[in-house]
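Read it alongside the model.

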Amino acid sequence: FFALQFYVASIALVGVWGLRKYYSVNTYGYTALFLPILLITSSIFTEYMYVLYSDCTFLALTIFALLSWRKYLETYQVSYLAICFLLVSISSLVRFQGLFICAAFSVALLMHAWSLRKQVDIVKIACLLTLCGLVFLPFGIWTIRNYLLYTPDTFNMANSRFFGLSGLALYAEGFPGGTSLAGISEGGYIPIQRAALFFGGLLEFWYGGISLTNKKIIFPLILLILSFGVRPWLKRANYLEFFYVLFSLAYIGNSLFMKDNLHIVLRYWVPVLPFFVLIMGLGIQSILNWKILAFTKPVSQVFTVLVVITLLVISLPNLTRHIGLEEKRGEESRALAAVKVFTDINIPINAVVATTEWGIMPSTINRRSFPVLNDPDHKETIARMLKYQTEFLITYGKFSRRDVHALNLVAKHNDVFTKVFGVNEGEPNLAIMVYKINLRKLENIQ
């Protein structure tokens, strides 16, 4: 396990090195100098760089795909195009957002082929156009394979988007990142509020907790700085980078402004965080270069650098935030081990289990499992339990956003769900409960 953590962290750090290579100081100024440092000291990056999540790995693939594309444009060597094609194709297997860079690659390749129409023969143009479609092939094969091998209800972003649930709002109710709804009136639950929480929370990655009021103040300030940074970024960005960021923004914007419930969580910032920081940095540079501020330019530059350095100093504890958590992880491991022992003895190998956690728990119990949904009325969850003749429900307090709905279901129908095992019951954040489901009674409450 620790070897895997080291492996994932190494990929993340190599991605940071690639970021430094891609954005040179000569082209982007001081922003390029601070960008890798700001990324590696952000809480969102340090939290996920060593755990077995795919966000930082996906970021590394994206950066090296961009590097390969730029080398191809500079040299026209097919080997660099092949490397870029391979990295882009793989990215969609790592994260659903990989589809955005696949689409960006296709558009960039189309525009590149158009620019070469008078310089190369029709065969080479046809090869380039073929790559536009082939880049989606691995994702298509993998998604169809998952659909056929498992079920449309298996939690998978692609399955949920293309085959299964109508959306992911059922498992991520409310605001991004699990932000509390306290203090927000029902009438105030509007897209601009959600956007303020999402973008206003960006500074939290370095500064720490920020109140809802301050997030609303920071939000327009971030938009203002971004607006001044877009133009200088566009002058430097190639088509692949531009369309990837554009499609990613469209996806985030759709989730922020068009959906009733968000499935975006703050770790979804990771794949686009460097680009946002870069554009903000370029925006600050543009503001400092205003003629009206010429007389204050030296002082403004020094002040800006001091602010960034202060932010970095404040965020340094993020680099060591996980030291000392070994005891907690030990408790989690012992609890999971106890659940595994119980499962091996008491849960038949062919039993179907509903869980509030769909990564560690299904792997631990080694039983056919599916996730419990966050539908407050429980209709969807009960329907799925009956559909798969689910015999057991396992709740895990570590994932409270999903746990609370399952526990409400149990409390509401305690004659249907009988607790047969529990561990760490005195610690809500670590508690694991196993319930036996009476399917006959479950059918009656549907």
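Ser 91 sits in helix α6, residues 78-94. Helices are DSSP runs of H or I with at least four residues, numbered from the N terminus. The model is predicted: local features need pLDDT of at least 70, side-chain atom pairs count only at pLDDT 80 or more, and totals for chains, interfaces and linings use all residues. Residues are numbered from 1 along each chain as its sequence is written, and side-chain values use heavy atoms, leaving out hydrogens and water.

Ser 91 counts as buried, at 2% relative accessibility. Buried means under 20% relative accessible area (1.4 Å probe, protein chains only). Leaving aside neighbours within four places in sequence, Ser 91 is in contact with Phe 58, Leu 61, Gly 98 and Ile 101. Contact means heavy atoms within 4.5 Å.

Helix α5 (residues 55-75) packs with helix α7 (residues 98-115) at about 5 degrees, axes 11 Å apart. That makes α5 roughly parallel to α7 (angles under 35 degrees). Axes are lines fitted to C-alpha atoms over the stretch in contact, and angles run from 0 to 180 degrees between N-to-C directions. From α5, the residues in this contact include Phe 58 and Trp 69; α7 residues include Gly 98 and Phe 105.

The residues of two groups divide as follows.

Methods. Helices (H or I, at least four residues) and strands (E, at least two) are DSSP runs, numbered from the N terminus. Angles under 35 degrees count as roughly parallel, over 145 as roughly antiparallel, 65 to 115 as roughly perpendicular and the rest as oblique. Buried means under 20% relative accessible area, exposed over 50%, partly exposed in between (1.4 Å probe, protein chains only).
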